[in-house]
Every structure is written in structure tokens, then in C-alpha cells.
Amino acid sequence: MLILGLESSCDETAAAVVQDGRKALSNVVASQVDEHRLYGGVVPEIASRRHAENVVGVMREALREARATLADIDAVAVTYAPGLIGALLVGVNYAKGLAFAAEKPLVPVHHLRSHIAANYLAHPDLKPPFLCLVASGGHSHIVAVEDYTKFRVIGRTRDDAAGEAFDKAARAMGLPYPGGVHLNQAAAGGNPLAYKLPNPQIEGAPYDFSFSGLKTAIINLIHNAKQKGEALPVPDLAASFQAAVVRALSERMMKAAAEFGFQTVALAGGVCANSCLRETMENQCKKRGMRLFMPPLSLCGDNGAMVGAQGYYEFLAGNTANLTLNAYASLPIDG
């Protein structure tokens with residue numbers, strides 16, 4: 001079965017053809033990073049306009065690379081939530097028109113579910129149930145994947161997401177956009193013990209995250225030093241901040257796995273491209289004899305292949321939509 005996956009939740013316009021939810025026959029991404037770098041972050045209006053300009057091209061290229069035509073496609077899957085509402089609407093409306101014109105089923109896909117599904121493309125032996133840490137610019141969740149379309153949230157962020165904290169901290173350090181990548185690179189030459197940063201705990205919710213205080217702590221540290229005319233070593237700042245974020249993510253993930261009896265865990269989302277997080281999780285899982293699955297770096301960010309992969313399982317479960325399908329800026333993964 002061939003699924004055409006379309007993604008436009010933020011600043012990547014993407015399309016892919018996926019076979020049986022496990023094999024990407026193509027995966028085309030039109031990135032807007034260079035343009036948004038001028039503003040230090042994603043500008044929603046610009047992102048929406050670029051999606052409108054790029055969506056037809058990436059779809060055609062995805063079909064061409066897969067050596068397929070629309071007639072070969074069994075269903076059209078599209079990200080409909082959560083994300084930037086204007087950006088989502090471009091993808092949803094294009095998918096609705098395409099599905100209607102080609103007389104194909106339309107499959108709505110939740111963005112976080114598709115990030116988890118990126119692992120299915122890289123690991124044929126991964127099957128539910130397993131525990132997954134989903135960490136990105138807008139989300140930080142610990143999710144019990146009970147089946148391909150059945151999810152239970154065990155922990156989530158109460159304020160900022162891990163990716164957002166990385167980006168804001170990187171900006172305060174004077175690192176280029178996108179901040180998370182450059183902070184990871186800068187941290188490679190730094191001392192993670194140079195600065196003591198908080199590890200916020202949520203009373204009564206041991207698996208929830210809070211990154212706003214950590215973000216504020218590093219920003220205040222930098223601002224106070226500037227006011228005194230002191231120069232702080234960026235590698236040490238980056239390494240210390242990265243270590244604090246990774247500690248919060250990994251400790252809660254390991255605690256949840258032990259509490260709920262999971263021996264198989266996975267990572268998903270843009271933040272799981274962070275080398276420190278990947279190394280820490282590998283070490284922690286190895287110590288406990290647990291199986292760890294991570295997508296390759298090429299599938300950590302937003303892409304169409306992950307949408308096609310999850311779309312396959314949503315389609316098998318009968319989760320299709322008609323032309324009244326709308327986009328939503330926020331929507332629970334387990335809704």
C-alpha cells in the first residue's frame with residue numbers, strides 16, 4: 001500500500017511516498033531555514049506563503065522520486081494538528097483538493113504521532129507497545145504507545161518545550177539560528193559542570209517537565225555578566241545548559257519506563273537529534289538492559305515520510321476524513 005504524506009506544520013514543506021508504513025520510497029523537504037534566519041525565528045505569515053508556493057513542487061518531486069503516479073497512491077495523508085494554523089491550513093486544503101480530484105481517501109495525521117512513526121521507517125522490528133520521549137521545538141511529552149493509533153500521555157511540559165528552551169538560550173548566547181543545532185555544536189567543547197542550573201520538579205507530577213525556569217536562569221546569568229562587563233565562555237554555558245535539559249528529559253523518561261514496566265523505549269522529534277541526549281539515553285538504556293530506538297538524524301526534523309508512515313496505520317484503523325477536515329493549532333496526541 002502506498003501513502004502520500006504531506007507536512008506543513010511549521011517551516012518545512014514536505015512530501016513523501018511511503019510503502020506499507022515502513023519504507024520511504026521518497027522524502028522531499030523544502031526548507032525555509034535560510035529565510036527565517038534573517039528574523040531569528042519562524043515568522044508564521046512568511047511560512048504560510050512559502051508553503052503555498054512549495055507544496056505542489058514537493059508533491060510532484062516525491063511522486064517522481066518514488067516512480068509513482070497519483071493513480072498508484074492508495075491514500076493521501078496530511079498533518080492537520082498541531083502547529084502554526086496558517087501553515088497547517090495550506091497543507092490541509094491542498095490535501096483535500098488533491099484527494100478529491102484523484103478520488104483517494106483523505107487521512108488526517110497528528111504531528112506528534114507522525115514523529116513517533118519516524119522510528120517505524122528506520123526500525124522494521126519496532127512494534128508497540130513502547131515508551132516514547134517526544135521532544136521538539138513546541139512539544140515535550142512522554143508517551144506510552146500502546147498501539148499504532150492508541151497513545152497515553154504519561155508526562156508533558158507545563159510551560160516551554162525543550163526545543164524552545166534550547167533556541168532561546170542559544171539566542172541569548174549569541175549563537176546563530178536555528179539555535180538548538182548550534183548550541184549542541186558549541187557544547188562539544190565546553191564543561192557541562194561549569195555552571196549549576198536548576199532542575200525544576202512538578203509537585204505531584206513526577207513525569208512532567210518545566211523548562212521556563214531553566215531558560216530564565218541561563219538568560220539571567222548571561223545578562224548579569226554583561227551588565228558587569230564580564231565575558232562568559234559560550235562553550236561552558238552551552239554545555240551546562242544542554243546537560244540540564246538532557247538530565248531533565250532522560251531522568252523522567254527512565255523513571256517512567258521503570259514505573260510503568262517498559263523495556264522498549266524510543267526517542268522522537270527534533271530535539272532527539274541532540275548528540276548529548278542520544279548518548280545519554282544509549283548509556284542509560286544499556287545499563288538497564290533496555291532496548292532503545294532512535295530515528296536517524298534525517299528523520300528527526302519535520303518530513304513527509306513520517307506522515308506517510310503514521311498515515312498508513314491511521315488508514316488501516318479507519319481514521320479517514322471528508323472535505324470538512326479542518327486544521328488545529330493545538331490538539332492532544334491521545335484525543
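Ser-48 sits in helix α2, which covers residues 44-65. The model described here is predicted. Because its relative accessibility is 14%, Ser-48 counts as buried, the cut-off for buried being under 20%. Leaving aside residues up to four places away in sequence, Ser-48 touches Gly-86, Ala-87 and Val-90.

The aromatic rings come next. The structure holds 9 aromatic pairs. One of them joins Tyr-80 and Tyr-328: the ring centres are 6.2 Å apart and the planes stand at 85°, so this pair is edge-to-face. An angle over 60 degrees is what that label requires.

Another edge-to-face pair is formed by Tyr-120 and Phe-130, so classed because the planes of their rings are at 85°, with the centres 6.3 Å apart. This pair, too, links distant parts of the chain: Tyr-120 is in helix α4 (residues 111-122) and Phe-130 is in strand β6 (residues 130-135), 10 residues apart. Tyr-120 and Phe-130 are both buried. They also belong to a cluster, in which ring pairs link Tyr-120, Phe-130, Tyr-148, Tyr-312 and Tyr-313.

From the rings we turn to the open space in the model. The largest pocket has a volume of about 1600 Å³. Its lining is made up of 50 residues, and those closest to the centre of the pocket are Cys-10, Ser-136, Gly-137, Gly-138 and Asp-167. Two or more lining residues come from each of the elements α4, β8 (150-156), α5 (162-172) and α6 (179-187). Of these, α5 gives the most, with 6 residues.

What kinds of residues make up the lining of the largest pocket? The lining divides into 20 nonpolar, 21 polar and 9 charged residues. Among the residues closest to the centre, Gly-137 and Gly-138 are polar in this scheme because Gly is placed with the polar group. Asp-167 is charged and Cys-10 is nonpolar, because the scheme lists Asp and Cys in those groups.

Terms used: Residues numbered from 1 in each chain as written. Predicted model: local features only at pLDDT ≥ 70, side-chain atom pairs only at ≥ 80, totals over all residues. Heavy atoms only, no water. Helix = DSSP H or I, 4+ residues; strand = E, 2+ residues; numbered from the N terminus. Buried < 20%, exposed > 50% of the residue type's maximum accessible area, 1.4 Å probe, protein only. Contact = heavy atoms within 4.5 Å. Phe/Tyr/Trp six-rings, centres within 6.5 Å; stacked < 30°, edge-to-face > 60°. 1 Å grid on protein atoms, 1.4 Å probe; cavity = no way out; pocket = protein on both sides within 12 Å on 5 of 7 lines; lining within 4 Å. Points joined across faces, edges and corners; volume = space filled by probe spheres on them.
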